[in-house]
Amino acid sequence: MAAGAAEAAAAVLEVGSAGQFEELLRLRARSLLVVHFWAPWAPQCAQMNDVMAELAKEHPQVAFLKLEAEAVPEVSEKYEISSVPTFLFFKNSQKIDRLDGAHAPELTRKVQRHASSGPFSASGGEHPKEDLSLRLKKLTHAAPCMLFMKGTPQEPRCGFSKQMVEILNKHNIQFSSFDIFSDEEVRQGLKTYSNWPTYPQLYVSGELIGGLDIIKELEASKELDTICPKAPKLEERLKVLTNKASVMLFMKGNKQEAKCGFSRQILEILNSTGVEYETFDILEDEEVRQGLKVYSNWPTYPQLYVKGELVGGLDIVQELKENGELLPILKGEN
């Protein structure tokens with residue numbers, strides 16, 4: 001048993017520098033590479049390291065790496081790692097998938113799927129195609145209006161995707177998106193599934209509406225507003241959210257699982273006061289994450305609100321605690 005544990009531990013490699021990471025990407029190009037961006041202060045990362053050790057035993061052909069996100073910032077910034085744990089999947093030195101958060105069952109599914117797909121598959125057959133078709137159906141139905149694009153609405157990575165996002169935003173259309181660069185299987189499979197060879201692609205209620213040219217035609221004929229669901233006004237939504245509880249904390253993660261060091265520190269301060277408070281995980285809602293920065297005129301997270309009014313971020317809260325002013329503010333006495 002002890003020998004098996006040692007083998008599992010050895011199978012998960014620790015990466016200490018950007019150069020070492022790039023070298024491993026090159027050396028392991030012919031196999032699936034799974035990289036865990038972690039932090040030593042986050043208990044959920046330790047749990048997922050244990051999960052990776054088990055997966056390493058089950059999938060000896062897969063390379064598993066651990067990379068401390070804050071210790072190798074150039075790699076974390078390159079791949080837009082904003083919270084831990086985050087897992088990236090590579091094949092042929094290219095990123096093919098991503099998983100944010102401590103979701104052991106989903107990590108297991110992704111490892112199994114990628115390990116058995118593509119040029120590294122040991123067997124053929126129709127079963128993987130059936131699995132992909134089911135997955136694409138779920139993705140196209142993931143929201144009432146789904147946009148499959150290159151990049152994200154905040155950072156489109158082609159001109160056509162950028163124009164599509166601008167049109168949808170101009171018409172206040174509520175939509176979710178999927179970055180086809182993050183998953184090569186989806187990128188290629190959706191072309192066949194929808195019989196549409198290019199991106200972006202817009203779906204409503206799981207049905208393909210079309211690409212950019214079609215959307216432009218629908219906009220010109222004023223049909224677009226009748227086809228796609230409208231979004232509630234963001235300002236009204238943010239007002240409701242900031243007043244959801246007497247004390248509201250907007251953070252990365254939640255009370256049980258902070259996903260950045262600043263959020264963890266502010267939780268510790270609030271917990272020490274004994275005051276009741278609620279949290280909102282900005283990583284779960286990109287619209288709120290970006291919109292609240294403008295609404296509050298405060299560019300970073302976490303953000304603390306009392307009775308709908310912004311108190312500030314971690315530095316302000318630390319100062320208030322040191323001055324003895326925090327508890328009266330949280331209780332609404334100031």
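Buried denotes a relative accessible area under 20%, exposed over 50%, and partly exposed the range in between (1.4 Å probe, protein chains only). By this scale glutamate 185, at 22% relative accessibility, is partly exposed. The model is predicted: local features need pLDDT of at least 70, side-chain atom pairs count only at pLDDT 80 or more, and totals for chains, interfaces and linings use all residues. Residues are numbered from 1 along each chain as its sequence is written, and side-chain values use heavy atoms, with hydrogens and water left out.

Helices (H or I, at least four residues) and strands (E, at least two) are DSSP runs numbered from the N terminus. Strand β4 is mostly covered, with six of its six residues buried. Thr86, Leu88 and Phe90 point one way. Phe87, Phe89 and Lys91 point the other way. In a regular strand, side chains alternate between the two faces of the sheet.

Two strands pair if DSSP finds at least two bridges between them. Strand β2 (residues 33-38) runs antiparallel to β4 and is joined to it by five bridges. Leucine 33 has phenylalanine 90 as its bridge partner in β4. Six bridges join β4 to strand β5 (residues 94-100), again antiparallel. Here lysine 91 is partnered by glutamine 94. β4 and β5 form a hairpin with two residues between them. Asparagine 92, in the turn, has a positive phi of about 55 degrees.

Threonine 86 lies in β4, which spans residues 86-91. Its relative accessible area is 0%, so threonine 86 is buried. The threonine 86 side chain makes a polar contact with the side chain of aspartate 100 at 3.1 Å. A polar contact is a pair of N or O atoms within 3.5 Å; within protein, one must be able to donate a hydrogen and the other to accept it, and residues adjacent in sequence count only if both atoms are side-chain atoms. Contact means heavy atoms within 4.5 Å. Leaving aside neighbours within four places in sequence, threonine 86 is in contact with residues including Val35, Phe37, Ile81 and Leu99.

The structure holds 19 salt bridges. A salt bridge is a side-chain nitrogen of Lys or Arg within 4 Å of a carboxyl oxygen of Asp or Glu. One of them joins lysine 110 to aspartate 97 (2.9 Å, N to O). Lysine 110 lies in helix α5 (residues 104-115) and aspartate 97 in β5, so the pair ties together parts 13 residues apart in sequence. Both lysine 110 and aspartate 97 are buried. Arginine 113 and glutamate 185 also meet in a salt bridge (3.2 Å, N to O). This pair links distant parts of the chain, with arginine 113 in α5 and glutamate 185 in helix α8 (residues 184-194), 72 residues apart. Arginine 187 is partly exposed at 21% relative accessibility, and glutamate 184 is partly exposed at 35%. Salt bridges that share partners join Asp97, Lys110, Arg113, Arg135, Asp183 and Glu185 into one network.

The structure holds zero disulfides (pairs of cysteine sulfur atoms within 2.5 Å). For cysteine 228, the nearest cysteine sulfur is that of cysteine 145, 4.3 Å away. Cysteine 228 is buried at 5% relative accessible area.
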